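Here is a short briefing for a first look at this protein.

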Amino acid sequence: MKTFSDRLRDTRHLRGMTQRELGEASGMSQAAVASYEGRQRKQSRRIMDLARALEVNPEWLESGKGPMAPATPGYGPAAPPKQHRLMEGRASTAGDGDWPFASISRSEYEALTEDQRRTVENVARVMVDDYAIAARSRTKPSPKNKPRRG
């Protein structure tokens, strides 16, 4: 399987899923899944959602590298445990005035391969999207007091 589109389509078939079922399981439309499989879209911002729905390693799905199966089913590859110290606010490193991560230095990030950086970005994108959806759902009015029809 040479491309992201090939791996996505072949894994969906292996799991016995339709495009519609994969779309529902990953929070996308059937048309979005079809566009990824048809190579209209080269990369998926929703790689973690697709990998979770297909129960595969997101790095493998995106780049073909690493094992197909996730180390922890449903959650993608397991990372080695890393000790983090609690930091208040942002890390203040000279020259990194707008660096967004308090517990990851710019040099640690820059030491990653391009594929690893893309995976970090995709994970962050999924989390930001999930938090935004959760925030929107908290602001919706409660349907408790709606009158019943019928």
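The protein has seven helices and zero strands. Read from the N terminus, its elements run α-α-α-α-α-α-α. The model is predicted.

**Overall picture**
- The protein has 150 residues, and 28% of them are buried.
- Its accessible surface comes to about 10,600 Å². Carbon and sulfur atoms hold 53% of that surface.
- Take the contacts with a separation of 6 or more: 44% of them join residues 24 or more positions apart.

**Helix 1 and helix 3**
- Two packed helices are described by the angle between their axes and the distance between the axes.
- Helix 1 covers residues 4–14, and helix 3 covers residues 30–37. Their axes come within 8 Å of each other. The crossing angle is roughly 125°.
- Helix 1 is therefore oblique to helix 3. An angle of 65 to 115 degrees would count as roughly perpendicular, and one over 145 as roughly antiparallel.
- Which residues meet here? Helix 1 brings F4, S5, L8, R9 and R12. Helix 3 brings V33, Y36 and E37.
- By class, this contact of helix 1 with helix 3 has four nonpolar, one polar and three charged residues.

**V33, in helix 3**
- V33 is found in helix 3, and it is one of the residues that meet helix 1.
- Is V33 buried or exposed? Its relative accessible area is 0%, so V33 is buried. The cut-off for buried is under 20%.
- Leaving aside neighbours within four places in sequence, V33 is in contact with L8, Q19, L22 and G23. Of these, L8 lies in helix 1.
- V33 and T18 are 15 residues apart in sequence. Their C-alpha atoms are 9.7 Å apart in space.

**D115, in helix 7**
- D115 lies in helix 7, which covers residues 114–138.
- Why does D115 count as buried? Its relative accessibility is 14%, and buried means under 20%.
- The D115 side chain makes a polar contact of 2.7 Å with the side chain of K65.
- The D115 side chain also makes a polar contact with the side chain of R118, at 2.9 Å.
- What does D115 touch beyond its neighbours within four places in sequence? It is in contact with S63 and K65.

Conventions
Residues are numbered from 1 along each chain as its sequence is written. This is a predicted model: local features need pLDDT of at least 70, side-chain atom pairs count only at pLDDT 80 or more; totals for chains, interfaces and linings use all residues. Side-chain values use heavy atoms; hydrogens and water are left out. Axes are lines fitted to C-alpha atoms, for helices over the stretch in contact, and angles run from 0 to 180 degrees between N-to-C directions. Helices (H or I, at least four residues) and strands (E, at least two) are DSSP runs, numbered from the N terminus. Angles under 35 degrees count as roughly parallel, over 145 as roughly antiparallel, 65 to 115 as roughly perpendicular and the rest as oblique. Contact means heavy atoms within 4.5 Å. Ala, Val, Leu, Ile, Met, Phe, Trp, Tyr, Cys and Pro count as nonpolar, Asp, Glu, Lys and Arg as charged, and the others, Gly among them, as polar. Buried means under 20% relative accessible area, exposed over 50%, partly exposed in between (1.4 Å probe, protein chains only). A polar contact is a pair of N or O atoms within 3.5 Å; within protein, one must be able to donate a hydrogen and the other to accept it, and residues adjacent in sequence count only if both atoms are side-chain atoms. Accessible areas come from the Shrake-Rupley method with a 1.4 Å probe; for residues, only the protein chains shown count as cover.
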